[in-house]
Amino acid sequence: MRLNRILLPTVLVILAMVAQVSVLARLHLPGAVPDLLLLTVLGLAISYGHVAGCLIGFFAGLLADLAPPADHAVGRYALVLCVIGYVAGLFKPESGRLRTAAAPMLVVIGAAVGTTVLYAAVGSLVGDTAGAHVGLGKLVFTATVYDLLLAPFVVPLVMALARRFDHDPLSEDATGGYGRSRRLRTGIAPQRGGLFGRANRTVKVNSMARGARR
């Protein structure tokens, strides 16, 4: 994994966690709290794929479990975001760029519902009922609405930063040579034909020289 794929998610996850704890959690909105950390994980997972999304989700969730004022069992949110990050990473586009904004919004809706339900399910398994008094239906509805309102400002920005810092002009292309950007920058055009092409040109030049002497 490239160094940028470690540094950038670390910085973004920490910033999202700080903003969520210091700002969003203090708004005292009805129902759930807008989950900026979840949206950050979704943007990174869609950009990097399911494996990176799983790892990023786990460590982001673990940070949320340990950061005050956490009132739930440690590892509960880490497990949830690990699963959500893996599933969201499966929607990574093959071309690396999304053609429409519909797919990320559908991922956000599914993630908001899935995160709330999984969080409640894991809590019931471990006997952690913190927040159960609010009501699961209200939590699912408010979490989906809040995340959808916040997603257009967070997910595209995170994905743009991921593409920006993941760009490597020296990386090899599919043919094994250097990428197009490096060829254009250095002014070196790719040679075609290889050894056999040079041999054919040599034979052609020699034949022209013999014809001229005759």
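**Buried threonines, aromatic pairs and a nonpolar surface patch**

Thr142 is placed in helix H6, which covers residues 136–166; helices here are DSSP runs of H or I with at least four residues, strands are runs of E with at least two, and both are numbered from the N terminus. The model is a predicted one, in which local features need pLDDT of at least 70 and side-chain atom pairs count only at pLDDT 80 or more, while totals for chains, interfaces and linings use all residues. Residues are numbered from 1 along each chain as its sequence is written, and side-chain values use heavy atoms, with hydrogens and water left out.

With a relative accessible area of 8%, Thr142 is buried, a term that stands for under 20% relative accessible area, as exposed stands for over 50% and partly exposed for values in between (1.4 Å probe, protein chains only). When residues up to four places away in sequence are not counted, Thr142 touches Pro30, Gly31 and Ala32, contact being defined as heavy atoms within 4.5 Å. Beyond its neighbours within four places in sequence, Thr116 is in contact with Leu136, Leu139, Val140 and Ala143.

Two aromatic pairs are present in the structure, where rings of Phe, Tyr and Trp (its six-membered ring) pair if their centres lie within 6.5 Å, and planes under 30 degrees apart count as stacked, over 60 as edge-to-face and the rest as tilted. Phe58 and Phe59 make up an edge-to-face pair, with 5.3 Å from centre to centre and 80° between the planes; Phe58 is partly exposed at 35% relative accessibility, whereas Phe59, at 53%, is exposed. The ring centres of Tyr77 and Tyr119 are 5.9 Å apart and their planes stand at 85°, so this pair is edge-to-face. Tyr77 in helix H4 and Tyr119 in helix H5 are 42 residues apart, and their pair thus links distant parts of the chain. Both Tyr77 and Tyr119 are buried. Arg76 lies over the face of Tyr119, 3.7 Å from the ring centre (the criterion is NZ of Lys or CZ of Arg within 6 Å of the ring centre and within 35 degrees of the ring normal).

On the surface, a nonpolar patch is formed by Leu79, Val83, Tyr86, Val87, Leu90, Phe91 and Leu118, which together have about 610 Å² of accessible area. Such patches are made of residues with over 30% relative accessible area and no salt bridge, nonpolar side chains (Val, Leu, Ile, Met, Phe, Trp, Tyr) being joined within 5 Å and like charges within 9 Å; a salt bridge is a side-chain nitrogen of Lys or Arg within 4 Å of a carboxyl oxygen of Asp or Glu. Helix H4 (residues 76–89) contributes the largest share of the patch, four residues, while Leu90 is in the loop between H4 and helix H5 (102–126).

Definitions and conventions. Accessible areas come from the Shrake-Rupley method with a 1.4 Å probe; for residues, only the protein chains shown count as cover.
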